[in-house]
Amino acid sequence: MSHQLDTHLSSRQIYLNSLTPTIRVSNGEDIFTFDNPVEVPQGVTALVSLESMSFANSAYNIDTTNNTLVLGFSTGYTAIVLEPGFYSFMTLVDVLNSKMTSVSVVGEYLPTLGKLRFTGSSSFLGIYKEAGGFSTTALVPIGYNPSLAVESTTGGVLTMSLLANLSGLQCVYVNLVNLGCQNLDSRSDSTTTLARIDVNANPSEFVFFVNTHGYKTAVTNRLLQQFHVRLEDQAGSVIDLQNIPYSMTLQVDFMYNKEVRFQPELSDAVKPGDEAA
């Protein structure tokens, strides 16, 4: 949004580095508190923007939230658990096959279809969303249709309904939890997110963001002393950057509060007598 910076107050820049937080909540969430806060005078609104940021694309595409498959057989259920890490389709199939040897199921990736196929004996019934006290969490990576209770086999062969997806982290939402602002986000309606950054780097490479459009967010805070940073993925979960540090530059600008004047609707300006005339 475009704002007129019409006060005598100079801009303030705030440099945050995950190596030096006041409180480290997790690998993607930190709290920074300053002894010398930014005070916002009466009659003035503060504008906060994310001017730049750098972070590594170090979040695993398979982690503890999406690493379990539940295989169903006529004799019972078996849970397959993958170790967190960076997976390609080749490594995913290799690891699955090493873990499914004991149940005589073989996985393969079909590059033409972009799907995984699982082949077993006639006792292999499919992959279950929930069964035997276990849950399949690797829905996206293996291409499981979440609307199904079970991806069923035909004659011991199962081709997954959806495309396998190992793209991992697609974007990062930079959320300053304690800012008083009301940006809109389809994930949660209103949000304190300052920026959405596309991840356009390979795993383990760095992503660099610069606010080239000059976006600024008006906040209601009168005292900017603490900055609670949460880096979230597209699902709203805090990202685990595996202890790889990130850094960012925030900028605080100021503008005088303006009196809001509403233009009357045309229907309000037309009197009933005028309509008759």
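Which side chains meet in a salt bridge of 2.9 Å, N to O? Hi everyone, let's find out together. This is a predicted model, where local features need pLDDT of at least 70, side-chain atom pairs count only at pLDDT 80 or more, and totals for chains, interfaces and linings use all residues. Residues are numbered from 1 along each chain as its sequence is written, and side-chain values use heavy atoms, leaving out hydrogens and water.

Back to our pair: the side chains are those of Glu232 and Arg230. A salt bridge here is a side-chain nitrogen of Lys or Arg within 4 Å of a carboxyl oxygen of Asp or Glu. Side chains of opposite charge can pair when their charged atoms come close. Glu29 joins Arg230 and Glu232 in a network of salt bridges. By this rule, the count comes to 6 salt bridges.

Next, look at Arg24 and Asp30, whose side chains meet in a salt bridge at 2.8 Å, N to O. Asp30 is buried, with a relative accessible area of 0%, whereas Arg24 is partly exposed at 35%. Buried means under 20% relative accessible area, exposed over 50%, and partly exposed in between, with a 1.4 Å probe and protein chains only.

Lys216 and Asp253 form another salt bridge, at 2.7 Å, N to O. Lys216 lies in the loop between β18 (206–210) and β19 (217–219) and Asp253 in strand β21, so this pair ties together parts 37 residues apart in sequence. Strands are DSSP runs (E, at least two residues), numbered from the N terminus. And are these two buried or exposed? Both Lys216 and Asp253 are buried.

Key:
Helix = DSSP H or I, 4+ residues; strand = E, 2+ residues; numbered from the N terminus.
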